[in-house]
Amino acid sequence: MTDVSPSVAALRAKFGSAIARHMVSCGDTIVYVSAARCHDVLAWLKDDPGQRFDYLTDITAVEYRDPERPLEVVWQLWSIDRKATLRVKVELDKAAALAVDSVFDLWKGADWLEREVYDMFGVTFNGHPDLRRILMWETYAEGYPLRKDFPLRGHFSRAEQTRQALAANPESHYSLEELSIAAAYDELPADVRERLAHGERGGVK
Amino acid sequence: MGLTESEGGAGTEVSTMSPNWVTTRLDFLTNWARANSLWPMPFGTACCAIEFMASAASRFDLSRFGMERMSFSPRQADVLICAGRLPFKLAPVIRKIWDQMPQPKWAISMGACASSGGIFDTYTMVQGIDTIIPVDVYVPGCPPRPEGLIYGIMLLQKKIKGESITDDALRQEHLVGPDGLFLPARKIDEVSEPFGNSVHQTRSA
């Protein structure tokens, strides 16, 4: 494998047994990391002067058709200066709780990326400041849509889905951060301020 | 709830105005005015919106049908043109926009997705906006050609010209029922049943 990224050798030198295996797929290097140490590995990949993967391209997850294979969480990294890519994967046993550490403290872009993985696969990211659904509505109760045991049309009947959709009140979920009018808060009418003061969960912030 | 015949409607209510020559002349005038000055509320969500824009542009020109002024405020619109697929997340929004439109109002369902869910027989998409709002004209296509949309608009004009001010059932608001649905649940499930290739997509895992 001549096109293995040099980061692999550096990772093995630094982390040793935490690096399970690596492979090259279509010119991209993939490194499998143990779930316990993935945050340390990703932090080193971001901060080490020889690596400098300062751009988190994407976080996603993979569930294979073969139910024996574990669920993988994938971080796609890019170094802007070095123009180098790396894919880091963690394998999660489906029998146990699906959880990994959040990399929000490393890359702020991980905020919504991890929310999407949570929404679609049910993977919990420990340390994420605001882990809630992002593509489906927040009170979505049918499960995690991109899992293989989730039918294409969803679990509920069409009538039930329509009823739940019509019952959702999108205006009740605006938070101060999302509206970005915190600076103008004092000039708002009293009832709008009252409505904004109730955060995402309905309680007073 | 709107489309069932079991609801009390024109058959059971006594109209306060009996049709005569004066009302027919008023009908002619009113319907001519309404049909030739339909101000659309362009509820464009996806690809059909592009074709809608093309219909409004110079080559096909909706302005010659009186639809020159696209009103993006539903309060000032006559016809809601839903151009594009409608996710369940957007269902309460279109319901609210529809409720905010004053009578007389009509709805055109433009494209396959708005009419029946189109190719998206999934957990996210409303299987036809007629499960949410009452629709007058369905325009098939993915997307419909501008000529197709114009034909649909002309059909609506023909429908409007056949209306009568003595018909009280026409201008009734059909609100979301107390069970949270616009159509009866059985009917939503019936019209949302898969057809075509979708019947093969029933597996999960």
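Two strands pair if DSSP finds at least two bridges between them. In this predicted model, β1(A) and β2(A) are joined by 6 bridges and run antiparallel. Within this pair, A:Ser25 stands opposite A:Asp28 of β2(A). The two strands form a hairpin with 2 residues between them. In that hairpin A:Cys26 takes a positive phi near 55°.

Strands β4 (residues 71-79) and β5 (residues 84-92) of chain A run antiparallel and are joined by 9 bridges. Across this pairing, A:Leu77 stands opposite A:Leu86 in β5(A).

One residue of helix α3 of chain A was examined in detail: A:Tyr118. A:Tyr118 counts as buried because it has 21 C-beta neighbours inside 10 Å, and the cut-off for a buried residue is 20 or more. Leaving aside residues up to four places away in sequence, A:Tyr118 touches A:Val123, A:Thr124, A:Phe125 and A:Leu131. A:Tyr144 lies 26 residues from A:Tyr118 along the chain. The C-alpha atoms of these two tyrosines are separated by 8.1 Å.

Chain A as a whole has 6 helices and 7 strands. Along the sequence these elements follow the pattern α-β-β-α-β-β-β-β-α-β-α-α-α. Chain A has 205 residues, of which 24% count as buried. Contacts in chain A between residues at least 6 apart in sequence were also classed by separation. Of these, 47% join residues at least 24 apart.

Chain B contains an open sheet of 4 strands. The strand order is β1-β2-β3-β4, and the pairing is parallel. Strands β1 (40-44) and β4 (137-139) of chain B form the edges, each pairing on one side only. From one strand to the next, the twist averages 15°. Strand β2 of chain B, residues 79-83, pairs with strand β3 of chain B, residues 106-110, over 5 bridges in the parallel sense. There, B:Leu80 stands opposite B:Ala107 in β3(B).

Helix α5 of chain B spans residues 146-161. It lies across β2, β3 and β4 of chain B and runs at about 170° to β4(B). Helix α5 of chain B also meets another helix. The axes of α5(B) and helix α2 of chain B, residues 47-56, come within 9 Å and cross at roughly 80°. The two helices are therefore roughly perpendicular. On the α2(B) side, the contact involves B:Glu51, B:Phe52, B:Ala54 and B:Ser55. On the α5(B) side, it involves B:Pro146, B:Leu149 and B:Ile150. By class, the residues of this contact divide into 5 nonpolar, 1 polar and 1 charged.

The two chains touch each other. In the model, 22 residues of chain A are in contact with 22 residues of chain B. The side of chain A that touches chain B has 11 nonpolar, 5 polar and 6 charged residues.

Confidence was examined last. The model scores ipTM 0.82 and pTM 0.82. Chain B averages a pLDDT of 88, and 90% of its residues score at least 70. Over residues 1-10 of chain B, however, the pLDDT is below 50. Beyond near neighbours in sequence, this stretch has 19 contacts in the model. Where pLDDT is low, the predicted coordinates should not be read in detail.

How values were computed: Residues are numbered from 1 along each chain as its sequence is written. Chains are lettered from A and ligands numbered from 1 in the order in which they are written. This is a predicted model: local features need pLDDT of at least 70, side-chain atom pairs count only at pLDDT 80 or more; totals for chains, interfaces and linings use all residues. Axes are lines fitted to C-alpha atoms, for helices over the stretch in contact, and angles run from 0 to 180 degrees between N-to-C directions. Two residues are in contact if their C-beta atoms, placed from the backbone, lie within 7 Å. Ala, Val, Leu, Ile, Met, Phe, Trp, Tyr, Cys and Pro count as nonpolar, Asp, Glu, Lys and Arg as charged, and the others, Gly among them, as polar. A residue is buried if 20 or more other C-beta atoms lie within 10 Å of its own, exposed if 12 or fewer, and partly exposed in between; C-beta atoms are placed from the backbone. pLDDT is the predictor's confidence in each residue, from 0 to 100. Angles under 35 degrees count as roughly parallel, over 145 as roughly antiparallel, 65 to 115 as roughly perpendicular and the rest as oblique.
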